[in-house]
Amino acid sequence: MALLAYLKSLFILQLLMGFVFVVSGLIINFIQLCTCILWPINKQLYRRINCRLSYSLWSQLVMLLEWWSGTECTLYTDQATVDKFGKEHVIVILNHNFEIDFLCGWTMCERFGVLGSSKVLAKHELLKVPLIGWTWYFLEIVFCKRKWEEDRKTVFKGLSRLKDYPEYMWFLLYCEGTRFTEQKHQISMQVAESKGLPKLKYHLLPRTKGFTTTLQCLKGTVTAVYDVTLNFKDNQTPTLLGIVNGKKYKADMSVRRFPVEDIPDDEKECASWLHKLYQEKDALQELYNKEGKFPGPTVIPSRRPWTLLNFLFWATLLLSPLINFACGVAVSGSPLLIIGFIIFLIIASIAIRRLIGVTEVKKTGSSYGNQEAKKQN
């Protein structure tokens with residue numbers, strides 16, 4: 001076990017995995033670009049193909065969590081709810097406290113067969129991020145600038161276009177809008193006090209506009225809202241860098257299902273429903289901190305082999321020519337080739353580190369401050 005942990009911490013192995021992810025992502029993006037000719041001919045075929053192409057990229061990240069780090073995911077929910085997973089269009093509400101909360105959400109999607117068709121409301125800046133933003137663009141992800149006056153038409157149009165999506169779709173929403181930090185929490189609670197809303201201890205005040213708009217646009221398509229509250233055993237603070245280093249975490253996810261017909265249609269009442277939901281999420285976090293677990297029965301969905309097999313396919317395809325090229329450079333004795341290859345490795349390592357930096361709490365999130373306080377829903 002110590003040897004395995006040591007191997008996982010080797011930078012060269014991490015660099016090779018990053019190489020596979022980046023190069024396979026660029027290949028996938030190029031194929032996605034080619035599929036655009038299908039859109040005016042057969043929109044649903046375009047979507048099915050892009051769901052699978054998206055899965056081929058995102059499952060490599062899920063593989064890191066499930067197979068490389070061996071992180072365990074336990075669901076606290078009833079079997080009747082689990083039986084509906086992957087068999088209906090839903091909106092999934094997640095808390096936004098950890099660097100890898102998105103990865104845990106994707107893992108849940110993968111284990112129930114909806115990773116390729118999962119959706120989010122993404123901030124517009126991510127559209128410029130290579131691989132991530134480009135793949136989401138072809139997957140019809142809705143991008144927004146967090147300025148409702150500018151976003152209104154774009155968001156309504158993007159969401160309404162998904163009403164006839166052919167694959168079962170999980171729409172993941174982080175209603176807090178940005179990751180939890182103590183500073184953002186203090187500002188958020190000032191907003192709660194000014195609006196006469198109950199204060200939250202473990203969450204930021206939810207931004208209701210995104211949720212009410214998504215529910216309004218997708219009503220008739222989505223049949224339920226899943227509320228997911230995530231926490232980690234032993235007060236762990238997981239990071240994507242920790243996952244890359246092979247560190248194992250234990251994730252607990254409380255999942256509650258709310259049929260759409262039980263959620264108010266009126267926008268103000270729907271917003272009140274969401275605020276109440278976050279008060280319940282806060283109570284669940286309080287209980288977890290005291291007892292080390294969520295209430296209710298547990299289900300541990302088994303890992304599927306497809307994420308590992310997909311990564312092995314890309315690794316076999318891409319690493320063989322890279323290793324052959326590296327060996328050729330080494331035996332060539334050419335200082336120019338060797339220096340060029342070293343520069344390539346340095347640039348690749350910096351690029352991969354920047355991609356990891358996109359998820360880091362201290363580098364992500366909006367400028368949650370006075371401007372936000374004025375616009376909070």
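Predicted model: local features only at pLDDT ≥ 70, side-chain atom pairs only at ≥ 80, totals over all residues.
Local features here need pLDDT of at least 70, and side-chain atom pairs count only at pLDDT 80 or more, while totals for chains, interfaces and linings use all residues. Residues are numbered from 1 along each chain as its sequence is written, and side-chain values use heavy atoms, with hydrogens and water left out.

**Confidence**

Colour the model by pLDDT, the predictor's confidence in each residue, from 0 to 100. The protein averages 88, and 92% of the residues score at least 70. Then select residues 363-377, where pLDDT stays under 50. The model has 36 contacts beyond four places in sequence for this stretch; a contact means heavy atoms within 4.5 Å.

**The sheet**

Show the strands next. Helices (H or I, at least four residues) and strands (E, at least two) are DSSP runs, numbered from the N terminus. Two strands pair if DSSP finds at least two bridges between them. Eight strands form an open sheet with mixed pairing, in the order β4-β3-β5-β2-β6-β7-β1-β8. At the edges are β4 (142-144) and β8 (298-299), each pairing on one side only.

Select β2, residues 90-94. Five of its five residues are buried, so the strand is largely enclosed by the rest of the structure. Buried means under 20% relative accessible area, exposed over 50%, and partly exposed in between (1.4 Å probe, protein chains only). Val 90, Val 92 and Leu 94 point one way from β2, and Ile 91 and Ile 93 point the other way.

Select α7 (residues 148-160) and α9 (residues 208-218). Axes are lines fitted to C-alpha atoms, for helices over the stretch in contact, and angles run from 0 to 180 degrees between N-to-C directions. α7 lies across β4 and β5, running at about 170° to β4. α9 packs on the sheet, touching β2, β3 (119-123), β5 and β6, and its direction makes about 165° with that of β5.

The two helices pack at an angle of about 35°, with their axes 9 Å apart. Display the side chains where they meet: from α7, among them Trp 148, Val 155 and Phe 156, and from α9, including Lys 209, Thr 213 and Leu 218. By class, this contact has six nonpolar, four polar and one charged residues. Ala, Val, Leu, Ile, Met, Phe, Trp, Tyr, Cys and Pro count as nonpolar, Asp, Glu, Lys and Arg as charged, and the others, Gly among them, as polar.

**Further selections**

Move to α5 (residues 101-111), which is mostly covered, with 11 of its 11 residues buried. Those buried include Asp 101, Glu 110 and Arg 111. After α5 comes Gly 113, with a positive phi near 75°.

Finish at Leu 240, in helix α10 (residues 240-244). Leu 240 is buried, with a relative accessible area of 8%. Draw a C-alpha to C-alpha distance from Leu 240 to Ala 283: they are 27 Å apart in space and 43 residues apart in sequence.
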